[in-house]
Amino acid sequence: MEICCVGGFEEVGKNMTAVKVGEDVFLFDMGFYLPGVIELQEDPNVEYTTRGLRRVGGIPDDRVLDKNGWREKVKAIFISHAHLDHVGGVPFLADRYPGATIFGTPFTMKVLDSLLEDAHIHISNELKVVQPNSTHDIKNAKGNIKVEFVHATHSTIDCAYIALHTDEGVFFYALDLKFDNHPTMGAPPNYSRLKEIGDNGVKLLIVDSLYSGTEKKPGGEKIAEHLLEDAFSKAKPGKDKAFFITTFSSHIERLNNIVKFAKNTNREIIFLGRSLAKYVDCAIKVGKCPFQKDIKVIKYRGQINSILKRIQENRGKYLVVCTGHQGEKNSILDRIARGDTPFKFHEGDNLIFSSSVIPTEVNIIARKKLDEKLRRIGVKLQADVHVHGHGSREDLRETLELLRPKHVIPAHGSLEQETPMIDLAKEYGYKFGETSHLASNGKFFDF
Ligand SMILES: [Zn+2]
C-alpha cells in the first residue's frame, strides 16, 4: 500500500489523500482551502476556475499524481462529508479522473450536485450515492477491494469514516471525527463496527488531529442544545425588538435545535441567505430536514430586501436565522452592518452567534469589525453559543484503542496541531518515523 498526502496535511483545508493498492489508485476527499477561495472570489482579476483556484492555493495540488503515473490509475473518489474543505474541490478536479466513480452519502452528494450547479460545471464521472454503514465492491479493481462508509458524528449530517478493505489490510480515513454520544439527530458513532474493523487489521489510519493537543472533550450537540435554550431564555426580546441568530449553514442538526427554541418565541421563523437556502434544500431533498414546515427560506437578494423591510417595520413579528457568523463579506449580517439593506439594527435588538470564530486572519478581522459596529449600536450580542465538531485527545485515544492501526498519520491541522497526535500515539507504543508519521502535502509513503 502506497499513499500520497495530496492536501490537508500541516494545514486546515483542501483535504485530499491518494491510496495505491496494486495497480489501482483511490482518492479520499477533494476539498477547498477556504481562505484561498475567499481571496479568489474577492479578486476580479482571478478567474473562478481550476486554474484560478490553483493559483491561490484554493484546491489540492493533485498534479503531484501526474508525475508518477498515478492519475490514470484512479478508480474511485470517496467523499467523507459535505463540508467544503472536503467536497468543494470536486467540481474543479474530478474531470481529471474521468473513469473514476465518485462515492458519497446522500446529503454529501446533494451538496455536490448544488456545487456543480452553482459553478455551471458538468463532470463526466459516475456519481454513486451510498448510505452510511454500507459496503461496496469496487469495479475493475484487481484483487478483493471493498469500500465501507461507516456512520460518524461531526457537525453536519451524513458524515462517514471511510474504510478501504484490501488484501494488505484496511486503510482507514477518519476526517473529520468527533465522538458525540448524545446526538440530537441521528445515531451515536458506530463503535461496534469500528472495533470489528480494528479486529480485521487496520494497516494505516489517517486521522483528524485538529484538537489532538486539547484534553477537554468537546461537548456533544446535546450541550449545544442546552446552551441555545439558555441563550433564548436570556434574550427575551420585547415586542419592538428584532431577534436574529446565525450559525453554520451546513449544520442541519444545530439548525434543528435553533428552530425548536425559536418556535417557542411565537415569532415567524425566517431563514435568510443563499448558503442557508442551499444546505436546507439539500437536507429536504434527502428527507433529513425535520424543521422544514416550521420555516420560510428566502434566498434571492430582491426577496431578502423586501422581507428585511417588513422586519424593520414589524420587529417583534419575526425571528431571523441568517448567514454571517464569521463576518463573511456579502453575508446577511455583513450587508446589514454596512447599511446595505432596508433593515437596521437598533439598541436592544438581539443577536445570537451559535458559532465560534474559525481562527483565520480574515475571519478574526471580519468578526471584530462586525462586533464593534453592533456593540456601538447597542445590540445585545451572545457569542460562542456553540460546541465544535472535532474530537480532542480523549476521542483520539478511543480511536486508537478501537482501530489499533499499524501506522498512524495525523491530518487536518497545522504542524503544531498535528504533533500532539504523534505524542499521543507514543503512549500506545507507536514509534515516530516507524509507525507514526508526519506528512506534508505532496509526500509519498510506502507501507
Ligand atoms: Zn468537517
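Reader: In what order do the 6 strands of the open sheet stand?

Author: This is a predicted model, where local features need pLDDT of at least 70 and side-chain atom pairs count only at pLDDT 80 or more, while totals for chains, interfaces and linings use all residues. Residues are numbered from 1 along each chain as its sequence is written. Strands are DSSP runs of E, at least two residues, and helices are runs of H or I, at least four, numbered from the N terminus; two strands pair if DSSP finds at least two bridges between them. The pairing here is parallel, and the 6 strands form an open sheet in the order S14-S13-S15-S12-S16-S17.

Reader: Which strands stand at the edges?

Author: An edge strand here has a single partner strand, so one side of it is left without a neighbour in the sheet. That holds for S14 (295-298) and S17 (380-382).

Reader: Which residue is the bridge partner of Ile-269 in S15?

Author: Strand S13 (residues 268-272) runs parallel to strand S15 (residues 318-322), and 5 bridges join them. In S15, the partner of Ile-269 is Leu-319.

Reader: How many Å separate the centres of domain 1 and domain 2?

Author: Domain bounds come from an automatic or database domain assignment. Domain 1 covers 2-217 + 389-446, and domain 2 covers 221-382. Taken over C-alpha atoms, their centres are separated by 31 Å.

Reader: Which helix gives the largest share of the side of domain 1 that touches domain 2?

Author: Helix H1 (34-42) and helix H6 (106-119) each supply at least two residues of that side. The largest share, 5 residues, comes from H6.
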